[in-house]
Amino acid sequence: MAPIARVAVLFAMDAEARPLIDALGLTLDADAFARVGGDVPMRVYSGTLKSGARVDVVCAGSCARHNVCNVGTVGAALSTYETCATLRPDVIVNAGTAGGFAKRGGEVGDVYVATKFKNHDRRIPIPGYDKYGVGEYDAWPTPRLIEALGCKTGVVCTGNSLDATETCRALLDEFECSVKEMEAAAIAHVAHLFNVPVIAVKTITDIVDGPQATEEEFLRNLSSAADALRDVVPRVVEFLDGKSVDEL
Ligand code: ADE
């Protein structure tokens, strides 16, 4: 199999993406999504890796009405669709922060690579739609990458809320969720339409089954989890560089 020629790294929050953009010396490609017309919120930062492969960091951008980053599945699906249709990556890496679970050994600052993706907040109790709602997708297998990083692995569950209702918690248990976040299953859904392998790397800001309020713990630990992303995501990109997806 040919080496990866193009990698796209997708982020929801600018604060999560900036360290990688700086570490790789990427520059804003203002025309990357020009074919769409209009004022799409996504921002693409591009550059070349050692092997000559191209790397595009795609940020979901900001909501013009509320002036915050486009977190969640809508922004993620838009970013992924346009990334796949326009940039045609050989592999997508979704990087970001997430909630972890003490009952599965998770701690703030941990790095996880996803094994699979599920939705925990698309509950449709009608035959057929029930499974569609959960929408299970396998992450691209990356045993060598996981070994090189020495990181944890687990099921990543996606929903559009930072908090978790009792129903969410029951499903997160049923799905043996190790990582709770807001984009990965949407990215996997769209990437699968284009047959693009997806890898997700998440660092933990808060413990979902811990005693602290999620939003306070998240805000308190965001910069240390962003530091962990700053360390690990360049290592992931470096590991991919020059390899085929079958060598990961
Ligand atoms: N991002 C960081 N922590 C999270 C959580 N607990 N749930 C969803 N997204 C998150």
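A nitrogen atom of the ligand sits 3.2 Å from a polar backbone atom of G99. That is a polar contact, a pair of N or O atoms within 3.5 Å. Next, T205: an N or O atom of the T205 side chain is 3.3 Å from a ligand nitrogen. Then D206, with a polar side-chain atom 2.6 Å from a nitrogen of the ligand. Alone, the ligand exposes 260 Å², and the protein buries 97% of that. Those areas are Shrake-Rupley, with a 1.4 Å probe.

Some housekeeping. This is a predicted model: local features need pLDDT of at least 70, side-chain atom pairs count only at pLDDT 80 or more, and totals for chains, interfaces and linings use all residues. Residues are numbered from 1 along each chain as its sequence is written, and side-chain values use heavy atoms, with hydrogens and water left out.

Now the shell. 13 residues surround the ligand, each with a heavy atom within 4 Å of it. The closest are A98, G99, K180, T205 and D206. By class, the shell has five nonpolar, five polar and three charged residues; Gly counts as polar here.

Which elements supply at least two residues each? They are β5 (91-100), β9 (177-181), β10 (198-207) and α7 (214-240). These are DSSP runs, helices H or I of at least four residues and strands E of at least two. β5 gives the most, with three residues.

Terms used:
A polar contact is a pair of N or O atoms within 3.5 Å; within protein, one must be able to donate a hydrogen and the other to accept it, and residues adjacent in sequence count only if both atoms are side-chain atoms.
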